[in-house]
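Q: Please take a close look at one helix of this model. Where does it sit, and what surrounds it?

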Amino acid sequence: MAQETPHIGRLLKQVNEAIERRVNNDLRPHGVTLSQMHMLMELHRSPKGELGFKQLEARMGVAQSTVWGLVSRLEQKGLVQ
């Protein structure tokens, strides 16, 4: 019996998850995650280095609770105010 060919969407998800794990492992010594780095990059791209929660939600494509959690952790690390 021939093995079923995986759906391309499933393969892309597996690749994305593998890349995310690798990047998070590479960032661990620096004390940040990929999501936290993404937020820092969005803040850096902002003209004044400031964005509201709604703007961060839209730019990052995540819920407000996720933004709040990321901001809280970055604030604890002294990376944002």
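A: Buried means under 20% relative accessible area, exposed over 50% and partly exposed in between, with a 1.4 Å probe and protein chains only. Helices are DSSP runs of H or I with at least four residues, numbered from the N terminus. This is a predicted model: local features need pLDDT of at least 70, side-chain atom pairs count only at pLDDT 80 or more, and totals for chains, interfaces and linings use all residues. Residues are numbered from 1 along each chain as its sequence is written, and side-chain values use heavy atoms, leaving out hydrogens and water.

The part to look at is helix 2, residues 34-45. Gln 36, Met 39, Glu 42 and Leu 43 are buried in helix 2. Seen down the axis, these buried residues of helix 2 fall within an arc of 120 degrees, so they line one face. The arc is taken from the directions from the helix axis to the C-beta atoms. Exposed His 44 and Arg 45 lie on the face of helix 2 turned away from the buried side.

What covers the buried residues? Helix 3 (53-60) and helix 4 (64-76) are included in the cover. Contact here means heavy atoms within 4.5 Å.

Met 39 and Leu 43 also belong to the largest nonpolar core, which has 10 residues in all. Helix 2, helix 3 and helix 4 each supply at least two residues of this core. Helix 4 gives the largest share, 4 residues. Such a core is a set of buried Ala, Val, Leu, Ile, Met, Phe, Trp, Tyr and Cys residues joined through side-chain atoms within 4.5 Å.

Key: The expected span of a helix is 1.5 Å times one less than its number of residues.
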